[in-house]
Amino acid sequence: MPLLGSFGAASKGGFGRGGGVRPMEVDYLIVAGGGAGGLANGGGGGAGGMRSSFPGGTKLILAEKNNTITVGTGGDGSVSPNTAAGGSGVDGTIVTSTGNFSASGGGKGLTGDPASFPGGNGGSGGGAAHQNYGGTGNAGGYSPAEGNDGGDSGPNNFNGAGGGGAGGAGVNNNNGIGGAATPGGPGAANSITGASVTYAGGGGGGTYWPSAGGSSSAPGGGGAGGCPGNPGTNGLGGGGGGVTRPHSPNVGGDGGNGIVVLRIPSSEAAEYPGLGITPGSNSIADDGGDKVCTFNVTGTLDLA
């Protein structure tokens, strides 16, 4: 399988900058933080970008004793209007010897009342509201794409559309002033941990009329629209739900925090009996002899 970068021969403990190790191929999953849902019949937040080598993709190379892993946090739903900071998700990053390897945070959902700008761009785009456009997904320009666009809001329509997800775009909304909001795009399944889990679902939109109800949640941790909007699921990078009227409290759903998983083959793991991971809220598990290193919060993988 091709490597990301090239290295000469080196022995354990004697390679790389600052005290490296023999270059090691690992599978990875990286899901960034999801975007927050928009306020006041707003659009759903876009899911965090999702990238993975498992199964069958190009692996990452680790060549340092201490490897920094940044887990992207979800956007804050209390500041989700496009005129405020903080509504988009935060990138997830794996620091390697050849540079940072990242997935993009999800775009925030559009605020519907008063109408503001289109949904935010991101790993997946935030959903639109009030006759506007959803944000663009795959902000990193990766191939394969890390996510999809948020849904659009059509003419004579004040309802929120769904944010994009890793498995599909947010659902467009053409349901009219009194119609229902639409859900976020579905997430995508991955079994790098040894069990199939669906990650990175988009947040659902909020409605203009409360009788129409909020949108449903999306597979992969996308929050449903509501009052307040429902949060995306932490550890899945789901987008937050948009706010349904009457908007009190006018708080969009927070985006879900992301996750990073590194799967070290048994043949490589045997060379590092002192393999460690910090802090304690992160974990190492065994799956068929492979070491599955799961980062729920920002931390460090130590090869020793």
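**Briefing: fold, burial and salt bridges**

The chain is built from 1 helix and 13 strands. This is a predicted model, and in sequence order its elements run β-β-β-β-β-β-β-β-β-α-β-β-β-β. The points below begin with the chain as a whole and then turn to individual charged pairs.

**The chain as a whole**

- Of the 304 residues that make up the chain, 54% are counted as buried.
- The accessible surface of the chain amounts to about 10,700 Å², and carbon and sulfur atoms contribute 52% of that area.

**Salt bridges in general**

- Side chains of opposite charge can pair when their charged atoms come close.
- Across the whole structure, a search identifies 6 salt bridges, and the pairs described below are among them.

- Glu268 and Arg22 are joined through their side chains in a salt bridge, with an N to O distance of 2.5 Å.
- Glu268 counts as buried, having a relative accessibility of 13%, whereas Arg22, at 21%, counts as partly exposed.
- Arg22 and Glu268 also take part, together with Glu271, in a network of salt bridges.

- A salt bridge connects Asp27 with Lys59, and the closest N and O atoms of the two are 2.8 Å apart.
- Because Asp27 lies in strand S1 while Lys59 sits in the loop between strand S2 (50-52) and strand S3 (60-64), the pair ties together parts of the chain that are 32 residues apart in sequence.
- Asp27 is buried, with 9% relative accessibility, and Lys59 is likewise counted as buried, at 14%.

**Strands S9 and S11**

- Asp287 pairs with Arg263 in a salt bridge whose closest N and O atoms are 2.7 Å apart.
- Here too distant parts of the chain are linked, with Asp287 in strand S11 (residues 283-287) and Arg263 in strand S9 (residues 259-264), 24 residues apart.
- Asp287 is partly exposed, with a relative accessible area of 28%, while Arg263 counts as buried at 8% relative accessibility.

Key: Residues numbered from 1 in each chain as written. Predicted model: local features only at pLDDT ≥ 70, side-chain atom pairs only at ≥ 80, totals over all residues. Heavy atoms only, no water. Helix = DSSP H or I, 4+ residues; strand = E, 2+ residues; numbered from the N terminus. Buried < 20%, exposed > 50% of the residue type's maximum accessible area, 1.4 Å probe, protein only. Areas by Shrake-Rupley, 256 points an atom, 1.4 Å probe, with all protein chains shown as cover. Salt bridge = Lys/Arg side-chain N within 4 Å of Asp/Glu carboxyl O.
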